[in-house]
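Subject: Structure for your files

Hello,

Here is the structure I said I would pass on. My notes follow it.

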Amino acid sequence: MRNKLSDAIKLANKSALMLGSVAAVAMMSFVSTAQAQDAGAEPEEVLVTGIRGALKNAVDIKRNSTAIVDAVSAEDVGKFPDSDVGESLGRVPGVTVGRAFGQGASVSIRGAAPQMTLTQLNGQNVASTGWYDQQAIDRSFNYSLLPSQLVGGMDVYKSSQADLNEGGIGGIVIVKTRKPLDMEANSVYVGAKARTGTISDDVSPELSGLYSWKNDSETFGVLVAGATEELDYVRRGTESDYRWWDDVSPTTFIQERERTALDLTAQWAPTDALTFGLHFLSLDLKANNTNTSTYLFTGLDKSAANYTCSETNAAGVCVKSTTKNPVRGDLTAGWASGALGTETFNQTWGRIASMKSETVDFDAEYAGDAFKVTARAGSTKADGGTDLTTNFSHFASLGDYNMALWAGSVDASGKKIKINPTSDLNMTLANYRAQSAAEAWAVKRGPNSDEETYAQVDFEFELDLGAIKSFKTGVRTTDHDVEKSSDQAVFGKVIPQTLNDTSRFYSGTFEVGSHGFKAPKPVLGAMIDATLADVTDWKQERSGYAALNEQNDALYGMFTFEADAVKGNFGLRYVSTEITGKSYAIDGTPLAAGDLAQNAFYSNDKSSTKENYDDVLPSLNVSFDLTDDLVLRTTASQALSRANYNDMFTAATQAGYQDTVQGNERLTIGNVGLKPMKASQADLGLEYYYGDGNMLSATYFVKSINNFVTTEIQVNQSIGLVSPDTGLDNWEVNTLKNAGGGEIDGIELQLNHAFDNGFGIVANYTYVNANAPMESYADRIGVFTESSQDSLNLVGYWENDVYSARAAYNWRSEYMIRETGYYGNRMHGDFGSLDLSFGWNVTDSLSLTFEATNVLEEDDIQYGAAEAYTSQYGMKAPLLEGFPAWSFEGEATYMLGVSFKL
């Protein structure tokens with residue numbers, strides 16, 4: 001089930017002509033070049049730049065490191081390998097990227113969950129939040145915030161060492177920005193791109209620029225860089241919740257995406273030994289969106305005369321059904337009387353969403369005769385979430401008596417739902433009621449924030465103790481706050497609120513889903529304006545509020561050694577953490593007049609819970625130069641990843657209190673005392689370096705991880721609250737605890753080869769066997785989240801001083817996605833993307849580029865993989881027994897760019 005390599009090979013055959021041609025021409029050119037050299041031609045020394053130069057730089061970083069490191073380097077200012085930073089990381093062996101809403105958003109390393117990847121900016125954490133209210137708050141970095149033009153390179157540490165910050169069991173990604181004293185004075189870069197796609201077919205602009213200056217004495221410099229992007233992203237597909245009369249929902253998501261970034265850096269070196277730096281980075285993403293669904297209730301009329309189900313799956317869900325005739329019911333608004341027929345239901349969720357991250361960092365470095373001191377302090381803060389959620393719905397119960405009627409067949413026996421209607425499902429404004437308003441129950445907002453202040457000082461001393469060459473030590477302290485909230489709108493008049501002409505909220509029609517059905521196209525601005533016009537206040541839902549404060553301190557010591565052909569480092573890192581969780585407790589407080597009904601029994605005051613832990617993390621990295629070209633590398637270390645914020649939030653929910661039913665009192669609460677997951681890990685690698693930047697390597701890795709988070713059910717618990725139904729303080733408490741362990745092992749194979757004629761190839765393959773305790777997940781599937789068993793990259797390129805071309809194919813096998821909220825836990829099918837890029841250096845300063853992404857238009861397929869029995873753990877029917885829950889059309893995107901540099 002987990003091995004889909006054969007499917008990927010079949011898909012790759014679609015591009016075999018192009019990639020095969022690249023390889024064949026490269027091999028022929030290799031032979032002719034070799035013959036020419038044998039004939040006596042003297043090779044010339046050439047400065048390596050462009051694609052080959054970036055790859056060579058990455059290989060040099062890997063070779064010179066004592067740890068297991070892979071790197072991604074920019075070809076030049078503004079020339080990152082991919083326009084999407086996440087996509088570039090996905091080309092690193094052992095790294096897989098989770099795509100969300102058309103972008104690389106999350107990064108997994110060596111089969112570990114994205115939350116086990118630590119992302120840092122120049123060695124320090126970067127605050128980020130999500131914009132989507134269906135995703136839990138976790139510790140992963142949202143890469144969709146980061147424009148590639150601001151990045152100089154990225155180092156991916158897959159093994160640990162004492163001077164690296166703790167937090168990444170999978171690995172650590174260090175994003176590096178540029179510095180003015182490292183660049184030529186008066187460096188200028190300006191770039192512009194235009195983007196369009198096969199679905200998101202509007203032309204979207206992208207602008208970026210950089211200016212770097214330093215004085216003649218190279219003691220002071222300033223760099224300013226920025227990027228902005230506007231994009232109307234469209235996603236079409238089919239979502240099947242299957243809980244409302246077996247509903248199947250063609251759906252279209254439209255996002256008005258605006259991303260801006262500003263990077264400012266100043267450096268001052270008053271002496272050769274002393275340097276100061278100041279860095280400011282602002283990342284801003286606006287992600288306003290609508291999600292429109294037309295619900296086809298395939299099981300609404302199950303009368304024997306009109307409905308047949310010819311096949312069910314092991315979970316008892318009908319996967320092949322037929323509704324013979326469309327039937328219009330006589331239901332009146334408000335369910336007052338009558339009954340439904342086979343009416344459809346259309347709803348649009350509208351969201352104002354954003355996230356903004358700002359980082360300020362100060363650093364200083366002093367280099368003495370045999371020692372070096374570095375210091376760094378700063379803060380990083382992010383605000384985001386959903387600023388407003390609204391809903392506009394149309395159904396017979398709301399007074400929409402002319403909705404389209406369903407008749408036809410549905411086949412959900414494969415990985416994608418097939419809808420074959422025999423009735424007309426297209427709709428216009430004529431199908432909707434004349435006046436409408438937002439659904440009051442749905443109007444909410446969910447602000448989130450993430451903030452950290454930090455300070456660090458490091459000392460490095462040169463030593464002359466035989467093989468021991470240096471000792472490095474340092475201390476780091478951070479103060480981290482994360483907070484989530486949920487607010488319900490209060491309307492100033494009796495519901496229903498102000499009615500407006502329905503035509504105000506829609507303009508024309510558009511395609512809903514991927515089957516060609518049409519419906520009125522929502523106007524988000526009008527929906528938002530009408531919603532806010534009736535909102536007079538916001539009240540906090542106390543069950544939706546939670547906050548955490550983490551005080552993290554670390555102290556480390558690390559020795560480096562080198563003797564003959566052996567070098568490496570060993571050390572210890574001590575970590576101490578104190579956590580405080582805040583939330584509203586359930587204590588039976590009576591509901592105050594005018595308060596939200598859902599706040600009943602919650603305290604009016606926040607309560608706090610404190611916990612702490614400490615740990616020691618040893619590490620050893622050794623490399624052996626077996627020959628001038630052959631390196632044997634081995635590592636052993638321990639690493640940790642702290643528990644997800646969502647699991648540590650102490651916000652509580654209750655059921656059964658004062659509901660007249662005895663003995664069903666239940667409390668569900670997070671656990672601020674969860675310990676970090678901890679891994680004991682090792683690597684063994686063999687690397688062969690040859691020629692100028694060529695490499696062949698194989699690495700075996702293993703991780704043993706404990707302290708997974710699982711659910712704990714405790715009965716007959718006293719929580720300090722007596723139930724009026726029983727007169728007893730006797731509750732079932734559902735919480736989380738650390739229990740169980742997992743294992744990861746695998747192998748990475750990597751080849752980088754540049755021919756002497758401009759051609760080159762890059763290939764890597766990773767196999768991961770990642771087993772997690774199934775009790776940690778409601779789906780009871782014992783694999784790590786977002787872990788693919790197989791992943792591969794095939795890249796062929798050619799370049800000279802004027803032209804360049806690259807074809808890159810990235811593929812990964814199926815993987816589990818686990819989310820809170822509506823979408824839940826499901827399997828993502830294997831996914832492959834063929835990307836093309838072409839460059840033309842018109843002059844030394846002017847360049848043109850063309851990029852094509854996912855040219856094979858690979859679909860996004862997600863299906864239920866859990867077994868039927870997991871319904872007792874909360875798994876819903878469409879996420880069981882292979883049911884094709886979600887599928888979205890694959891989109892090819894195209895970008896034409898021009899850039900100028902000095």
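In which strand is Ser583 found? Ser583 is in strand E28, where strands (E, at least two residues) and helices (H or I, at least four) are DSSP runs numbered from the N terminus. Ser583 is buried, with a relative accessible area of 4%. Here buried means under 20% relative accessible area, exposed over 50%, and partly exposed in between, with a 1.4 Å probe and protein chains only. The C-alpha atoms of Ser583 and Trp244 are 34 Å apart, and 339 residues separate the two along the chain.

This is a predicted model, in which local features need pLDDT of at least 70 and side-chain atom pairs count only at pLDDT 80 or more, while totals for chains, interfaces and linings use all residues. Residues are numbered from 1 along each chain as its sequence is written, and side-chain values use heavy atoms, with hydrogens and water left out.

Cavities and pockets

Rolling a probe the size of a water molecule over the atoms shows where empty space is left. On a 1 Å grid over the protein atoms alone, a cavity is a set of points where a 1.4 Å probe fits but cannot get out; a pocket is an open set with protein on both sides within 12 Å along at least five of seven lines; lining residues have an atom within 4 Å of a point. Grid points are joined across faces, edges and corners, and a volume is the space filled by probe spheres set on the points.

The count is 11 cavities of 30 Å³ or more. The largest cavity has a volume of about 150 Å³. Its lining has 24 residues, and those nearest the centre are Ser160, Asn165, Gly168, Ile172 and Ala639. At least two lining residues come from each of strand E7 (171–176), strand E29 (601–625) and strand E30 (630–641). By type, the lining of the largest cavity has 9 nonpolar, 11 polar and 4 charged residues.

Asn165 sits in the loop between strand E6 (153–157) and E7. Asn165 is buried, at 6% relative accessibility.

The lining of the second largest pocket divides into 7 nonpolar, 5 polar and 7 charged residues.

Salt bridges

Side chains of opposite charge can pair when their charged atoms come close. A salt bridge here is a side-chain nitrogen of Lys or Arg within 4 Å of a carboxyl oxygen of Asp or Glu. The whole structure has 35 of these salt bridges.

Asp361 and Arg376 form one at 2.4 Å, N to O. The pair links distant parts of the chain, with Asp361 in strand E15 (residues 345–367) and Arg376 in strand E16 (residues 371–394), 15 residues apart. Asp361 is buried, at 6% relative accessibility.

Another salt bridge joins Asp615 and Lys678 at 2.7 Å, N to O. Asp615 is in strand E29 and Lys678 in strand E33 (residues 677–690), so this pair ties together parts that are 63 residues apart in sequence. Asp615 is partly exposed, with a relative accessible area of 22%, and Lys678 is buried, with 17%.

Backbone

Most residues other than glycine have a negative phi. Asn186, which is not a glycine, has a positive phi of about 60°. Asn186 lies in the loop between E7 and strand E8 (187–197) and is partly exposed, with a relative accessible area of 39%. Asp564 also has a positive phi, of about 55°, and is not a glycine. Asp564 lies in the loop between strand E27 (546–563) and strand E28 (566–589) and is exposed, at 84% relative accessibility.

Regards

Terms used:
Ala, Val, Leu, Ile, Met, Phe, Trp, Tyr, Cys and Pro count as nonpolar, Asp, Glu, Lys and Arg as charged, and the others, Gly among them, as polar.
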